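Please read these notes beside the structure. They start with confidence and then turn to helix packing and the chain interface.

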Amino acid sequence: MSNLKLIIKREFIARVRNKTFVVMTFLGPLMMVGMISLITWLATLNNDEIRKVALYDKTGSFSTDFKDSNDIDYIDYSHLTLNDAKDSVVIKKLDGLLYIPKKSTNSELEKSIQFYADEAPNISLLNRIEEIIASKLTNQNFKEKGFDLDLIENSKAKVNILIENFSGEKTSKMSSYIKMIFGGVAGYFLMMFIIVYGNMVMRSVIEEKSNRIIEIIISSVKPLQLMMGKILGTSFAGILQFLIWGILGGVLLIVASSVFGIDPQPVGIDQSLILQEDGQQEIQLILQDIMKLPLGVLVLSFFIYFVGGYFLYSSIYAAIGAAVDSETDSQQFMLPIILPLMLGIYVGFFSVIDNPHGTVSTVFSMIPLTSPIVMLMRIPFGVSWWEVLISMLLLIGSIIFITWLAGKIYRVGILMYGKKPTYKELFRWMKY
Amino acid sequence: MANLLEVQQATKKFGNFTALQDVSIQVPKGSIFGLLGPNGAGKTTLIRIINQITLPDKGSVYLDNELLKPQHIKDIGYLPEERGLYKSMKVGEQALYLAQLKGLSKNEAKERLKYWFDKFEISHWWNKKIQELSKGMAQKVQFIVTVLHKPKLLIFDEPFSGFDPINANVIKDEILQLRDEGATVIFSTHRMESVEELCDHIALINKSKKILEGKVTDIKRAYKTNAFEVGLLTENNIDLYNTLQDRFNVTAADFKTIDNQLKIKITLDHNTSSNELLQYLSDKGQIMRFNEVIPGINEIFIKTITEHE
């Protein structure tokens, strides 16, 4: 077996056997699903609470409009005096008292409705009450002015713009959401992978250094080979972990949703958008949209940017690990990693989504340290092949360059003990 | 005798710091070669160049008359001074791993490890983690890993540190046996008594330069001053001392005796032989001790270094 394979195997086994790794692999999805279940459960808990609102209606015309719903009960106190009604609300600990005074005109009434409550009332509750009163008053106004309500109802138009591109393909309005989700998930996933497993590479380098085994090993293999083996072995462990997380998380989510009756739909999507009147057609269009995304290109570019981005960053992580004696010392060198990653994510979530082909998005999808994340987020929106090519070439070029530099720092650093290096010293090591 | 290893004019600079300056050494086949020098002299850099861990800025290294190449790694076994093992890996596993990195097949490595583990009576450590072993125990494993692939050249940097005297002796005997089986050994240490005991060749490096190299016997011959240590039982020590001082270059000597001897060191000029001295002394008293003063490596070490300061 070649040395590189041996190193990859050892690194992989060392990572996978690590207790924290094992615990996180199996506990991770459990915790995630647990969290989701908890949040959903808490949300339903809150909804189960029935609000009780006292109604004090002097006009006498609203009582039929305020019907008890599954979370609000209305209690009619109109027969009492206002003060008695207020007192009863306080004594019975109701959520509030809605006071509708008698006014001669609707326009006066509009401004004089009051809600008494100890605590500031729930906004959605107020919105609902306002809506009920407003529609009632609007209808009354229409009637007063002699409009036929049925005619008005029949005259209402519903507009649903169908989007079609110039070559005649129909798309749904969800199309850009879908693209955003594809890109966002890919970019975020890449960032997490880099941070989690890059750190693992770094820790493994520090471990070899502090165990003092490093010199024994590099008398058998080339430092660059060791570094590559480490990066690869760790990434395989990472991919395995992500796969287990994906499968286990999916299974658990299905189990959890069937047991607790929790809706596994992602919360972010506005469901009303999907389930419109022509929901059926809309869903079909969404499916079409997904199918129409250049899936092959997406998968391929995801693969390239994922591998490229991970290599770029983890070789920097490896160099940092080689330069320091302990993990605490590594903090001072974290900036060159965290800064571009954060920049990539922020540019991705703000600029790309807002304007995928704007200058900021384009520039950042070219700069090698941010390009893996930003370009991954841009690609679903359609990027011309030559832009992707330039970005990839730049990325590959800088991987070679950065790995080479990192390899130099690594080679010198692993044999240096005792002193905390500065950036200046790292720069000098590159020239040894 | 042919040389197994030749380093020619090796120079290595780290920035403005010169670690090695035109250092050449010749390590004869089958020898135990002591690489000596004060801390920071450049020994480790030289060793790392031989191990291809560091590349020299200038100069070349030949192993068995071939220019040093990556495939020579398997011909060299190196026990560095800064050494350790993976703490959380099992002893057997990492011994196998390190042996495989040196090009042994898994089965071959297993077989040879079994032999050595049995020899050192440590077979029951196979499934233990290094963190459960003492430092000396871990050192034994490292020693085995260093020699397992039967390299032509063995490089030991402070091999005895961390060993108790008994185990140090075990390791010393193993080194000697490996030499007898045909290996060449480079041995870097500060413990001069083990150099004295083991090395037949030495090189002395100081401040990045080699200042002395050769066969131990030749070096000692060159450094000896034709001096003799004499112990005499006389009637009157002071009288004799004064008489001798008129004829020879005499200084007081210090060695342990059980009776009151006159202890002196006499340095002869080149015209006088030791026999003549012995004859002269024979009727001056009872000669209890008469031996040539041969400088120890420690002495030579200190003397050469101070001369070069």
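**Notes on the predicted complex**

1. Chain A of this predicted model has a mean pLDDT of 82, with 91% of its residues at 70 or more; pLDDT is the predictor's confidence in each residue, from 0 to 100. Within chain A, helix α10 (residues 271-274) has the lowest confidence, a mean of 46, and helix α1 (residues 3-17) the highest, at 92. Helices here are DSSP runs (H or I, at least four residues), numbered from the N terminus. The pLDDT is below 50 over residues 266-277 of chain A, a stretch that has eight contacts in the model beyond near neighbours in sequence. A contact means that the C-beta atoms of two residues, placed from the backbone, lie within 7 Å. Where pLDDT is low, the predicted coordinates should not be read in detail.

2. For chain B the average pLDDT is 89, and 100% of the residues score at least 70. The complex as a whole receives an ipTM of 0.81 and a pTM of 0.75 from the predictor.

3. On conventions: residues are numbered from 1 along each chain as its sequence is written, and chains are lettered from A and ligands numbered from 1 in the order in which they are written. As the model is predicted, local features need pLDDT of at least 70 and side-chain atom pairs count only at pLDDT 80 or more, while totals for chains, interfaces and linings use all residues.

4. In chain A, the axes of helix α12 (residues 295-323) and helix α16 (residues 385-413) come within 8 Å and cross at roughly 20 degrees. Because of that angle, α12(A) counts as roughly parallel to α16(A) (under 35 degrees; over 145 is roughly antiparallel, 65 to 115 roughly perpendicular and the rest oblique). Axes are lines fitted to C-alpha atoms, for helices over the stretch in contact, and angles run from 0 to 180 degrees between N-to-C directions. Residues of α12(A) in this contact include Phe311(A) and Leu312(A), and those of α16(A) include Ile399(A) and Ile402(A). The contact has 17 nonpolar, six polar and no charged residues. Nonpolar covers Ala, Val, Leu, Ile, Met, Phe, Trp, Tyr, Cys and Pro; charged covers Asp, Glu, Lys and Arg; the others, Gly among them, are polar.

5. α12(A) also packs with helix α15 (residues 371-378) of chain A, at about 165 degrees and with the axes 9 Å apart. The two are therefore roughly antiparallel. Phe302(A), Tyr305(A), Gly308(A) and Gly309(A) of α12(A) meet Pro372(A), Ile373(A), Met375(A) and Leu376(A) of α15(A). By class, this contact has six nonpolar, two polar and no charged residues.

6. Which part of chain B gives the most to the side that touches chain A? Between the chains, 19 residues of chain B are in contact with 17 of chain A. Helix α2 (residues 91-101) of chain B gives the most to its side, with four residues. That side of chain B has eleven nonpolar, four polar and four charged residues.

7. Within chain B, the axes of α2(B) and helix α3 (residues 106-119) come within 9 Å and cross at roughly 125 degrees, so α2(B) is oblique to α3(B). Ala95(B), Leu96(B), Ala99(B) and Gln100(B) of α2(B) make the contact with Lys106(B), Ala109(B), Lys110(B) and Leu113(B) of α3(B). These residues divide into five nonpolar, one polar and two charged.
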